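Open the model in your viewer and keep a selection tool at hand.

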Amino acid sequence: MNFKNILYYIIAASIMFGGCSHTAPYRHEDGMAWNTLYHITYQCEEDLGDSIILVLNEIDRSLSPFNDGSVVARINRNLSDSVDSHFTRVYEESRRINRESEGAFDPTLAPLIRAWGFGEGHKVSADTLRLDSLLQLVGIARTEISGTRLIKENPPIEFNFSALAKGYGVDCIAEMLQNNGVANYLVEVGGEIRLAGVNESGKPWTVGIDRPEFDSKPGETVEKISLSEGAIATSGNYRNFHEKEGGRFGHTISPVTGRPVESDVISATVIAPTCMEADALATCCMVVGSEAALNLCTRLRAAVMLIKADMEVVSNPAFRAFTGVNGPGAEPGTADRD
């Protein structure tokens, strides 16, 4: 048998036995990571549960601010200036969205997040004079990556990638599934979703979006979207907020003012090619308000649906293309599995 014949049989065997066939079973993986729940459905002959855990742990070691040994935690404490591929990918996407949003998105808000009482173990303590000094430590443009080193203009600058790290982790799991030949899957971590193909019934995945409720209980489904490729992320101020002096403010901080945003948007859902982009854009929408949010997402060819403070629902044409069914039906905030 000559070399060409050997190569032919190797390729044929890879096609026949590699990957995951359309007759393979659908598998379900559920658990907790990054202080939130995850639910993953995928079609494959092979059980990839261990690989999913490996990806989750790898992302934690790079991007978790609560892991003292993570890359981002060591950079924040100036114990290291070395970055890995995960840090670099979220950093570069953050720079891009920061430019596109004219500064509305910025992952260097850690001092302000803590000052307003949204960091772990912290209480509200911000005041105008202190905010002025803290704003000097904010701005991703004051940093750069050179090779595998992060350079800060000011050493106290810190990173908190929470506005897109979860979405990035979803993307990494999806990439792992694809690399193992999985064509049909839905990955959901803390409500952020990336999917491809069809569900167990052979139909596009259907995702329900909650109507905001301020009592921390899931609301009714305000919209259902149906798609076979892409990512979905939602950001909102209606569950993570503080009460003070008879008022209420949410956890989204403006990089410009240093204060919790005053916006007519209380919930933003974005559909984009990657969950990292959808996650970041959803946060932007909360900062810039409804009109600018619609313009931003349309310019970046992302689909967006906004729920305003008066409960009016607005969306761009790209989003409406995915809404085949209105009203309740899908489980709130999740995707139908069949």
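Select C172: does this residue count as buried or exposed? In this predicted model, C172 has 9% relative accessibility and counts as buried, since the cut-off for buried is under 20% relative accessible area.

Next, select C275. This cysteine is also buried, with a relative accessible area of 0%.

Now select C20 and C44 together and show their side chains. A disulfide joins C20 to C44, with an S to S distance of 1.9 Å. A disulfide is a covalent bond between the sulfur atoms of two cysteines. The structure holds one disulfide.

C20 lies in the loop between α1 (3-17) and β1 (26-33). C44 lies in the loop between β2 (36-43) and α2 (49-63). The pair therefore ties together parts that are 24 residues apart in sequence.

Switch to a surface view of the pair. C20 is buried at a relative accessible area of 14%, and C44 is buried at 2%.

Finally, select the whole protein chain. Its 338 residues include 51% that count as buried. The chain has 10 helices and 15 strands. Its accessible surface comes to about 16200 Å², and carbon and sulfur atoms account for 50% of that. With contacts displayed, take those between residues at least 6 apart in sequence: 60% of them join residues at least 24 apart.

Note on methods. Residues are numbered from 1 along each chain as its sequence is written. This is a predicted model: local features need pLDDT of at least 70, side-chain atom pairs count only at pLDDT 80 or more; totals for chains, interfaces and linings use all residues. Side-chain values use heavy atoms; hydrogens and water are left out. Helices (H or I, at least four residues) and strands (E, at least two) are DSSP runs, numbered from the N terminus. Buried means under 20% relative accessible area, exposed over 50%, partly exposed in between (1.4 Å probe, protein chains only). Contact means heavy atoms within 4.5 Å. Accessible areas come from the Shrake-Rupley method with a 1.4 Å probe; for residues, only the protein chains shown count as cover. A disulfide is a pair of cysteine sulfur atoms within 2.5 Å.
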